[in-house]
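Please look through the sequence and the model shown here before reading on. The paragraphs after them are meant for someone meeting this structure for the first time.

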Amino acid sequence: MKKILAIIGIATITMLTGCRQSEFPKGIEHVVIIGLDGLSVWGLQASNTPCLDSLMQNGAYSLNVRSILPTVSTPNWTAMMTGTGPEATGAVDNSWVNGALPYPHAVIDKDRGVPTIFRLIREQMPDAVMACVHNWDDFPNMYDVKQLDLDEDYTEDAEVARRSVEYIKEKKPNFMFCYFTDPDHTMHIRGHLSPDYLDIVETLDGYVRQIVDAVNDAGIADKTVFMIMSDHGGIFYAHGGHTFEELNTPFIFNGKGVKKNYRIKQQMYRYDLAANIAFALGLEIPQYWTGRPTQPAFEGFDEPKNLRHQAEVLPSPAFITKEINETFLYGGYWVDESPTVRIDSRPDMQDAQVRYTTDLQEPTSASSLYEKPFKLDKPTIVMAKTFGENGESVSVRGEYRIADTKAGNGLNYALYHCPDAKSMPTSFANLTPVAMGICYEFGFHTPENGDKTGLNDALGRYSDHIAAVFSGWIEIDEDDAYTFSLWSTGGSKLYIGNELIVNNRSNGHTGNSGDIELTKGRHPIRVECFHNDQAKGTILNAHYESRRMSKQMIPAQKLFRNR
């Protein structure tokens, strides 16, 4: 009996040991994180990125990783480091500092901050070598720097790559976090998917190659896992909203124990990063974490049996124009020319169909099929949607506006340089404009068929402290209550007649609206704006809506130089 019990005991221990060994991937001693701020799925697929492409082909990846809301940087990087969302940390905007806000955190460490993956590694791997190299001086606000062996900030992404390579070769860290910020900066200045944005992504691909090569040179490649991810995507010049372009980003696993050319099926979220790091290193994951490890990325682990079988939300299509010249708007405007509508779907959506409408109705699977570019013979709002076998996208709209100079369309503009001003001039009466002319919409938009205004040429001669006044008449089609709104990167005001309708006092990104009852006919309209620093953008957009009309750009065809 004793022999039988001993055999059973040994068998039990063996079984438990075997189960324990299969709970985690084997042989991983180093994890290298490469964070690319603002890298979208479209940005990755539209760029020439041989290194990232190779890491995907020889690794596991997802093109459907959801961001934390709001889709701004600090909440998302914090979620990745803490394994939890804003509901547990209080990180709801970029002002958040770990442990500094009076928010009832779900868990507080002994330093009265929210515990991060750095602390988890330090507690369970006391001798681990950990480092973080970044290009954002606020990055350390999100984690406990004292847990690291190295934390350094640089002003250039190239320096982040150089220092990361140097440290990997010298110290062979168990955990390395390399953070790059240029895609995000370029998006805000040049626009998401602009040529400059795509060039930056290609440049970053070279930095990723340098880090991968450093791991090989350090002789630790056979014990290392790479995880490459972003915090959010973007749309036009911004992020922070909840469009598909902002919410969805790529995630790439590569290295020891990772499957080859495997597209992950389970849904991933931003806070899963911390869980994946812990899983790769064989660490116990805290109960309070929201994130879960993406086990199917690794050999020997399968997708969950309860994967969703419902219809999925597909990526929305995009309207392609000559250049990115709007914020939160597809389309553009033309002067004395019919626009051509070009629509594109994300590169990995080859089997999907794009369908569209031109009557402001929501597209359905029976709507017109987009097969090739088409011309419009009048100003039109086009709505488009992606349809696939397993789901559909949300719809997007492109506003195609046409100015007709023979009909008198246009606005008068006056541009002022105010080097001593810190905010909007209280009066323009005593100021001398540095440029005057005719433009066709409120703002600094360039017509899609070439600049015929001279406004942006004049604007280019000055780097800061620029004010502008746009004046003319707006044609109202029917008596109604109208809501006007302005979105600007500086202070801005909108007047109907002498009545101030919208007043944006801030010099940051801001938007406000105001209401007025208007009768059918033409009414005098004027917009004033002021920008402190052109490097932060000179964006100005004016919209209106009524009870019978959906919100839209104040179109060129409704603006006139005289009554």
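The model is predicted, so local features need a pLDDT of at least 70 and side-chain atom pairs count only at pLDDT 80 or more, while totals for chains, interfaces and linings use all residues. Residues are numbered from 1 along each chain as its sequence is written, and side-chain values use heavy atoms, with hydrogens and water left out.

Buried here means under 20% relative accessible area, exposed means over 50%, and partly exposed lies in between, with a 1.4 Å probe and protein chains only. Helices (H or I, at least four residues) and strands (E, at least two) are DSSP runs numbered from the N terminus. The buried residues of α6 are Ile117, Phe118, Arg119, Leu120, Ile121 and Arg122, and what covers them includes α4 (73-82), β3 (130-134), β5 (175-180) and α11 (272-280). Helix α11 is itself mostly covered, with nine of its nine residues buried, among them Asp272, Asn276 and Phe279. Just after α11, Gly282 takes a positive phi of about 75°.

Other backbone features can be found in loops and strands. The peptide bond from Leu69 to Pro70 is cis, with omega near 0°, and Pro70 is found in the loop between β2 (60-66) and α4. Asp336 has a positive phi of about 55° although it is not a glycine; this residue is in the loop between β12 (330-335) and β13 (340-341) and, at 45% relative accessibility, counts as partly exposed. His465, also not a glycine, has a positive phi of about 50°, but His465 is found in strand β23 and counts as buried at 18% relative accessibility.

Turning to charged side chains, how many salt bridges does the count come to? The count comes to 20, where a salt bridge is a side-chain nitrogen of Lys or Arg within 4 Å of a carboxyl oxygen of Asp or Glu. In one of them, the side chains of Glu475 and Arg522 meet at 3.2 Å, N to O. This pair links distant parts of the chain, with Glu475 in strand β23 and Arg522 in strand β28 (residues 521-533), 47 residues apart. Glu475 is partly exposed at 24% relative accessible area, and Arg522 is partly exposed at 23%. By contrast, Glu166 and Arg162, whose side chains meet at 3.6 Å, N to O, are separated by about one helical turn, because they are four residues apart in helix α7 (residues 157-171).

Strand β22 (residues 435-439) holds Ile438, which counts as partly exposed at 28% relative accessibility. Leaving aside neighbours within four places in sequence, Ile438 is in contact (heavy atoms within 4.5 Å) with residues including Gly410, Tyr413, Lys452 and Arg561. Ile438 and Phe470 are 32 residues apart in sequence and 9.1 Å apart in space, C-alpha to C-alpha.

Finally, Glu478 has its place in the loop between β23 (464-476) and β24 (480-488), and this residue is partly exposed, with a relative accessible area of 33%.
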